[in-house]
Amino acid sequence: SEALWDMRGQMEFTSLFGSRRYAYDPISKKFKYFSGGAIRYITNVISKAATGFDNASFVDIAKTVFNDNNGSETRIVFAGSGARATMSKSPSIQKQMDQRDVEVVWGVKFNRIETDFGTFLVKHHPLLNKIGWTNNAFILDMNNIEKHIFKGMETKSIDFNESGQRKTNADIIDEAFCTVYKNPETHNILKLT
């Protein structure tokens with residue numbers, strides 16, 4: 001099960017930070033294709049000072065995210081721990097967090113934060129800390145993101161004992177997909193400096 005969690009983490013990392021490339025694999029004698037991640041397609045970057053982050057900063061972010069695009073009224077925010085902590089110190093966000101307004105979407109628990117412009121569903125994302133994005137966040141319009149599956153997830157069992165390599169069995173899990181970011185102006189990267 002650890003291998004499955006690791007695979008899922010790598011798939012998520014690719015969907016966020018991957019670089020679209022291809023390389024020839026001399027063993028399989030086929031090209032291997034790599035998927036581009038969100039950071040390659042999202043052009044809107046909102047920069048705010050972490051020091052002095054207040055209600056006015058948060059209102060400006062909401063206005064920028066929800067105005068002048070045809071996105072949905074709800075956006076998902078995946079934040080590094082620094083960005084999450086900075087946002088949580090804003091009195092308007094703190095008040096809503098104290099009410100424990102939580103929404104479960106896709107089996108994930110998000111804090112729901114209402115604004116005059118739209119709703120943010122916010123989740124701390126530990127993966128962002130691991131790659132140096134502690135003070136950054138992705139603001140995504142999930143209605144404008146699609147996952148295209150080229151090869152559905154499947155497992156294949158291998159009997160190493162039968163082939164004489166070692167006395168064990170193994171399972172290989174395989175899936176091929178890419179993520180498509182439609183209507184890029186509905187997505188944002190938030191950088192709290």
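This is a chat about a predicted model and some of its local features.

Student: What kind of model is this, and how are residues numbered?
Tutor: The model is predicted: local features need pLDDT of at least 70, side-chain atom pairs count only at pLDDT 80 or more, and totals for chains, interfaces and linings use all residues. Residues are numbered from 1 along each chain as its sequence is written, and side-chain values use heavy atoms, with hydrogens and water left out.

Student: How many residues does helix H1 have, and how far does it reach?
Tutor: Helix H1, residues 2-17, has 16 residues and reaches 22 Å from its first C-alpha to its last, close to the 22 Å expected at 1.5 Å a residue. The expected span is 1.5 Å times one less than the number of residues. Helices (H or I, at least four residues) and strands (E, at least two) are DSSP runs, numbered from the N terminus.

Student: Which residues of H1 are buried?
Tutor: Met7, Met11, Ser15, Leu16 and Phe17. Buried means under 20% relative accessible area, exposed over 50%, and partly exposed in between (1.4 Å probe, protein chains only).

Student: What covers them?
Tutor: The cover includes helix H2 (38-41), helix H6 (126-130), strand E8 (136-140), strand E9 (145-159) and E10.

Student: Which residues lie nearest its centre?
Tutor: Of the 28 lining residues, Arg8, Met11, Glu12, Phe78 and His125 lie nearest the centre of the largest pocket. H1 gives the most to that lining, with 10 residues.

Student: And which residues lie nearest the centre of the second largest pocket?
Tutor: Thr14, Tyr33, Phe34, Ser35 and Phe177, out of 23 lining residues. About 710 Å³ of space lies in the second largest pocket, and E10 gives the most to its lining, with 9 residues.

Student: How many aromatic pairs are there?
Tutor: The count comes to 12 aromatic pairs. Rings of Phe, Tyr and Trp (its six-membered ring) pair if their centres lie within 6.5 Å; planes under 30 degrees apart count as stacked, over 60 as edge-to-face and the rest as tilted.

Student: Why is the pair of Tyr24 and Phe31 edge-to-face?
Tutor: Their planes are at 70 degrees, so the pair is edge-to-face, with ring centres 5.3 Å apart. Tyr24 is partly exposed, at 46% relative accessible area, and Phe31 is partly exposed at 44%.

Student: What about Trp133 and Phe138, stacked or edge-to-face?
Tutor: Stacked, because the planes of Trp133 and Phe138 are at 20 degrees; the ring centres are 5.1 Å apart. Trp133 and Phe138 are both buried. Ring pairs link Phe13, Phe17, Trp133 and Phe138 into a cluster.

Student: Last topic, the backbone. What phi does Lys29 have?
Tutor: Lys29 has a positive phi of about 60 degrees although it is not a glycine. Most residues other than glycine have a negative phi.

Student: Is Lys29 buried or exposed?
Tutor: Exposed, with a relative accessible area of 61%. Lys29 lies in the loop between strand E1 (21-25) and strand E2 (30-34).

Methods. Contact means heavy atoms within 4.5 Å. On a 1 Å grid over the protein atoms alone, a cavity is a set of points where a 1.4 Å probe fits but cannot get out, and a pocket is an open set with protein on both sides within 12 Å along at least five of seven lines; lining residues have an atom within 4 Å of a point. Grid points are joined across faces, edges and corners, and a volume is the space filled by probe spheres set on the points.
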